[in-house]
Each structure stands twice: as C-alpha cells, then as structure tokens.
Amino acid sequence: MKYAVISDIHGNVFALKKTLELLSQENVSKIICLGDAIGIGTRSEECVQLLKQYEDKLIYVRGNHEDRCIFGVPDYIHNGQHKMTEEDLRQESWIKEHLSKESIDFISKLPQETSITLEGIKIAVTHYPSDENMEYREFNLFPSIPELIEYFKKYDADIYLYGHTHTPKANLSQEGKWYINPGTLGTTDFGDYGTYGIITIDGQNISYVQKAFYYDLKAALDDFEIMNPPRKDHMRDKFFGYKR
Ligand SMILES: [Mn+2]
C-alpha cells in the first residue's frame, strides 16, 4: 500500500490543497504529517482544518511551530543563536490569533513523536529527531548516514521519518533502515515548488518516491498582502523566495 509523507506546510493552504488533490489520485492509505503545518505562511487555520478533515487516515506529529502555539514562544530560536525580537513576537501572536480554539485544541493533542507499524514495518515519526530530554538534535541540512544513525539511535524502526530542515533527503543504511525527509510542502526554499514523498510497502519491500509539484504560488504570495501579517516581507522573502 501507499503512504504519503508530508511536512512543513507552514500555513500554505494553496500548496496543501494541490497536494491533497494529487494524493487522491495516488490512492494513499495514510497521510503522515511531520509537523509545522502552521506558522510562517498566511493560512494556518485553513491548513489545520483541512488536515482535520482527513483525520481517519492522518498521522500527525507536532513541530516547533505547533509547539509555539501550545507552549508559548521561546526566548531564543535557531539553537540559541537568534533572540526573538518584538517584531518576531508580534508575528507569532498573529499566527496564534488566527487559529480557532478548535484548531488549537486539535494541535494541543498531537504527540511530539510517535511510532506506527504499517504492514509489519515499524516507522518512527517525528518533526525532527530528539535527545533523551525531547530536545531537537543539531539542525543539519545534509546529515550523513552515520549522523542519521546517531540522531535516531533512541528509536527502533525500519523507517525513520523527519522534516524541519525543508530539505528533501532519502537515505538507506547498509542495515536496510530508511531515513526519509520529504522536504517542505508549503515553502519554496529550493525552488518554486512544493515537495512530499510516497512510501510503498509491498511485503518486506519498501520503496520511496520523492515528489515535487507546482501549484498557484502567486496566490500564496499575493495572500501576504491580503492577510497582512506583521512580518510579511521577511516571511515572504525568506521562505517563499519572493525576490528570486
Ligand atoms: Mn520546523
């Protein structure tokens, strides 16, 4: 059967709608969402509500952006290197203010990580691998296989799923373990498209296909003017490559 892996939607309902259309053609049995469905983009509420409609086939763990809405905004982000400014905090408040109570309740119940078994294959699901204290491991855009083995050593699985870096990456270790990051569905860090992945399990055979898709990016960019979040220029330029 086929399983979709999506991550880092970041409030981009335009990309999410397109993905859900594509997934209905793929006939996937589950949609595994690795967190950060909200934040940065303009339509966090719509994204949570849309995901909620797929609740019967959805496995969803929370990311650092869901954490900010549930537990509050940390003083420092990016491994302690960036102190949140007043402007950052206004942006984060704006994101939370635009979420309904129902959506906040929904994301508050999500686990930080989970493990599932599909067709006898064990899958560890997390926004980013964490240490014993549930703190994220070092941010690493291109982790090597030895690094991935180290990052995921506390988990026991056949497939390890993670997101957060917005960078699609799939590795197969010599021991036959898969380490998969489907990239970013909703931002355009590396091109004007979104990415997700499809895992196919057939007996003991596991295969992974990395997908990329175009969607109405102009609508997503124009929506920053319509919704007018406090840090709209920064969010649009940094995460949506508006100046490219
Ligand atoms: Mn993240």
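**Overall fold and core packing**

Of the 244 residues of the protein, 37% count as buried (20 or more other C-beta atoms within 10 Å of the residue's own, with C-beta atoms placed from the backbone). The model is predicted; local features need pLDDT of at least 70, side-chain atom pairs count only at pLDDT 80 or more, and totals for chains, interfaces and linings use all residues. Residues are numbered from 1 along each chain as its sequence is written.

The protein contains eight helices and 12 strands (DSSP runs, H or I of at least four residues for helices and E of at least two for strands, numbered from the N terminus). The C-alpha trace spans about 50 × 40 × 35 Å along its principal axes. Among contacts with a separation of 6 or more, 69% join residues 24 or more positions apart (contact: C-beta atoms, placed from the backbone, within 7 Å).

The largest nonpolar core holds 48 residues (buried Ala, Val, Leu, Ile, Met, Phe, Trp, Tyr and Cys joined through C-beta atoms within 7 Å). Val 5, Ile 32 and Leu 161 touch the most other members. Beyond four places in sequence, Val 5 touches residues including Ile 32, Leu 34, Leu 161 and Ile 180.

Helix α2 spans residues 44-52, with Ser 44, Cys 47, Val 48 and Leu 51 buried. These buried residues fall within an arc of 95° seen down the axis of α2, so they line one face of the helix (arc: directions from the helix axis to the C-beta atoms). They pack against α1 (13-26), β2 (30-33), β3 (58-60), α4 (86-97) and α5 (101-108).

How values were computed. Buried ≥ 20, exposed ≤ 12 C-beta atoms within 10 Å, placed from the backbone. Contact = placed C-beta atoms within 7 Å.
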